[in-house]
Amino acid sequence: MRIDAIDQRGVYSPLRRFMKLILRDKAGLFGVILFLLIVLIAIFAPQISPHDPLQQNLRLSRQPPAWQAGGTWEYPLGTDNLGRDMLSRIIYGTRVSLTVGFLGVLIASTLGLVLGMLAGYMGGRTDSFIMWITNLFLAVPYLLLVVVVASILGRSLLNVILIFGFTNAPLFVRITRGEVLRIRKSGYVESAISLGASQGRILFDHILPNLIGPLLTVATFEMSGMIFYEAGLGFLGLSVPPNIPSWGNMLSAGRQYIQFSPWIAAYPGLAIVFTSLSMNLLGDWLRDVLDPKIRRSA
Amino acid sequence: MNSNVNSNKNDKPILEVRDLHVRFDTVDGVIYAVNGVSFDLYPGETLGVVGESGSGKSVTMMSLLRLIPEPPGRIVSGTARFRSREDDLDLLQLNMRQRAKIRGNRIGFIFQDPMSSLNPLITIGEQIKESLERHTKWRGPEARQRVVELLEHVGIPDPDARYGNYPHQFSGGMRQRVMIAIAIACDPDIIIADEPTTALDVTVQAQIVDLTRRLSEELGIAVIWISHDLGVVAGIAERVMVMYGGTVVETGVVDDLYAHPRHPYTVGLLGALPKLHENVPELVNISGTPPSLFAAPSRCPFEPRCPWAFKTCRERRPALESVQRDGHFSACWYDMEKDKPREVRR
Amino acid sequence: MQRYLLSRLIQSVVLMIGVLVLVFFIVRLTGDPARLMMPRDASPENIQAFREAMGFDAPLHVQFFNYMRGALTGDFGRSLHYRAPAMSLVVERIPATLELALAALFFALVVSIPLGIIGGTRPGSIWDTLCRGIGLIGQTVPNFWLALMLIVFFSVELRWFPTFGRDGLRSLVLPAIALGFFPLGKFTRLVRASVLEIRNEDYIRTAYSKGLLEQHILTRHIFRNVAITLVSIVGVQFGYMLGGSIYIESIFAWPGIGRMVNEAVQARDFPLVQAIAVFTAGFVVLLNLLTDIAYAVIDPRIRYEN
Ligand SMILES: Nc1ncnc2c1ncn2[C@@H]1O[C@H](COP(=O)(O)OP(=O)(O)OP(=O)(O)O)[C@@H](O)[C@H]1O
Ligand code: SF4
Ligand SMILES: [Mg+2]
């Protein structure tokens, strides 16, 4: 009997499939666009801010947003207690949040990847030890850990990044290790070795490609989480120094004036909500697109 | 297909399926899983259904009582006339409540994987009892007594003590016996068994086959037995239906069909087989890839892999037609007996 | 089951020892705990005196030994700010925190379970959209901001609830909503996902093939299985809420452990911070143990394990 190529009639083209995937999940599309927008705002903060975010003007302090009585379009979202422009500060705050989120995730995932590989590959004592430490970190109430360490190390951008980088590594360790073990068990590493592949080849050809999907998805959620927690630390006065415009610092200041000038706390909070929203939608979308099991059903 | 297929059974069919079409809407395209399947099932007989993976065996049978996931699944058209002592109705026209009255009551099911087919958090006794309580008048202690009898009937030792056990405390074979007990609990007219022995050890397989055959004879239940294993089918079924690419390509009495296969696909399946009943191996591998199901078949679905294929095969789809012997049908443009293309009626 | 529980118990103890070690080192992260705990403008003499009084001048292993010995007897030193035994200060605050956390948990569960079930059983419906929306919002709204906004609307504008303090049921409402909002989103997502997943299980198809009705399948075959997934996360979320209460209790001036964390951190009262950290971590470890026990009770696969 002769062998034919697989019949391709009726199979959607890759483009149509991609469009179907995107259009099926409009929320995901919205998340992607929102996320890109936020990244652009962070990059072009100096160009788009109407004012210097640090410029104080006590005569104009606590001016309400433009559409409320007493507001002007000069300061669309009003001013804070020191008369600084809220909009410009929120725009600049994007930089702090994204920096912390991005670098934090970079450190956490790198650390997690290395330790997870070590644990998965070496097995035995190394594995037990790494997993014990990992579980230990996962057992301690996360926020408490972060608050205590931040209060000990003191306020600085670098400290905040390092704290999030280290305390978030355990999750990445788990995922990496799980994937390494799964692939080792599946037997195709053995067969690759028997075909003469080096450990490095196996790492790059088999293990890393399989890790990209789950890690990317988790990274998105973790980044959203870090932005959340950075603002929380700022709110408690434990994040970046007070002179840096960050959403957390703004919320912390706004809290004192919540009765009469609620906008000082309201808008930075909304910024956090939208950023977090974009990343969560992005993460959900990535998970759907990258997971072949979910992808199949319409 | 108009037939009085079974010479030894002159009853009317208990189930008459006609021109069933089922599709799945996926991101990769529309899957044409079942394309105009028709068949009959007679009271008390066992019908074997064979075909390679993806040929639409499960989807065909599960569609009858809408046990496929919808969406993505979609039953496009077809009828399924179910005719028993009490009922005469089209299964595909039923509403949800009516369907639920037939399921597990008039038509019982046994599935492939006994490990995952029972709820791990409910005792097996309760899982049988809930079926009884749904469809019969048995309640409470009486229902329990009946369950114990059923367990005994399907060969579970110490049934009274086993009633309160959970599925994980049973072996695979024992769980499949529990599934059989569920299927026969309400004294059904039909049992649909979807590869009930595939996940089991060979020795256990034989026991399950024997048990099903014994029960169907004792209780007069008609059985649809889906399998990959031609040997098992030979052992249990009176008639076989061969499926390919979501269509029925050949159907007939077991002995006849195994001895004189008329469809090139069946010939391929039986390929190396020396004689019937002698330790028939699993489906032999037929070269070529299974058909794409992403388009409605407009030609013979087996054409790309068929050594006999000729021009007509690429132009028109063959329908099931009677081939000489009583109740033997094949969907092929080529006449094996005369070894030349069949006359094509225009 | 005994063996299962015993192994969990041993794990918990080992984990607790790990927590003690971790806390010991975190406080010494900067290398000089005495300077850390003293006011920034303290004189070197004062710091030295404090160092000796606290035993920070001893070799590290001696400090560790003393610390562990203290820990085993529940002695975590004295609060610098309150000048009282640290652990007993923490214990005094337990009822307030527990009250708030339980109220928040109740709020989260009462809303999320029905919502998640409706969403999971009717994917694509309006209810499902609502379910997914709430799940998403729960994850994207920071509780400290939500707390402030609740105060703006319900206390300042409408005057329905008090702005702060712990004074009867009315004072509990806003903090509980603020604290329970995140777990609410989490639970909603989880219940929905788990209903969706379970509906795809083979045994659900079996249930349908028996002719059981939707309602019956939901209550008998799906709920119990969803409960198992829920149990696995309720404990974890309860632990997270202890963290979240740092904000909520501070904002609403709720006299619990969370507010104490904030006060202790601001006052650099690290013996107290240390006591809180050990206590809370211990509580979370205990929660995990309880979760494992709950598992064993619900899931026969564990209950009958030999
Ligand atoms: N839930 C589903 N979603 C999408 N496609 C499906 C689904 N269920 C079945 N199909 C498609 O329908 C076709 C027929 O499947 P079916 O399960 O009936 O095959 P089968 O003959 O029973 O095979 P097997 O021997 O492997 O059980 C397959 O090609 C499959 O891709
Ligand atoms: S119809 Fe033609 S292609 Fe199809 S099986 Fe018969 S001979 Fe082969
Ligand atoms: Mg099948």
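Arg189(C) reaches across to Asp284(A) in a salt bridge, with the closest N and O atoms 3.0 Å apart; the term covers a side-chain nitrogen of Lys or Arg within 4 Å of a carboxyl oxygen of Asp or Glu. The count between chain A and chain C is one salt bridge. This is a predicted model, in which local features need pLDDT of at least 70 and side-chain atom pairs count only at pLDDT 80 or more, while totals for chains, interfaces and linings use all residues. Residues are numbered from 1 along each chain as its sequence is written, chains are lettered from A and ligands numbered from 1 in the order in which they are written, and side-chain values use heavy atoms, with hydrogens and water left out.

Five residue pairs, both at pLDDT 80 or more, are in polar contact between chain A and chain C. Such a contact is a pair of N or O atoms within 3.5 Å; within protein, one must be able to donate a hydrogen and the other to accept it, and residues adjacent in sequence count only if both atoms are side-chain atoms. On the side of chain A that touches chain C, the elements giving two or more residues are α5 (124–139), α6 (142–153), α10 (199–235), α11 (247–256) and α12 (263–290). Helices here (H or I, at least four residues) and strands (E, at least two) are DSSP runs, numbered from the N terminus. The biggest giver is α12(A), with twelve residues. By type, this side of chain A splits into 32 nonpolar, seven polar and three charged residues, where Ala, Val, Leu, Ile, Met, Phe, Trp, Tyr, Cys and Pro count as nonpolar, Asp, Glu, Lys and Arg as charged, and the others, Gly among them, as polar.

Overall, 42 residues of chain A are in contact (heavy atoms within 4.5 Å) with 42 residues of chain C. The buried area between these two chains comes to about 3,700 Å², and carbon and sulfur atoms give 79% of that; the figure is the accessible area (1.4 Å probe) that two parts lose on being put together, summed over both.

Chain C itself has 13 helices and zero strands. Its C-alpha atoms fill a box of roughly 80 × 60 × 30 Å, taken along the principal axes. Of its 306 residues, 52% count as buried, that is, under 20% relative accessible area (1.4 Å probe, protein chains only).

Over in chain B, Asp40(B) sits in strand β2 (residues 29–41). Asp40(B) counts as buried because its relative accessibility is 4%, and its side chain makes a polar contact of 2.9 Å with that of Arg18(B).

How values were computed. Buried < 20%, exposed > 50% of the residue type's maximum accessible area, 1.4 Å probe, protein only.
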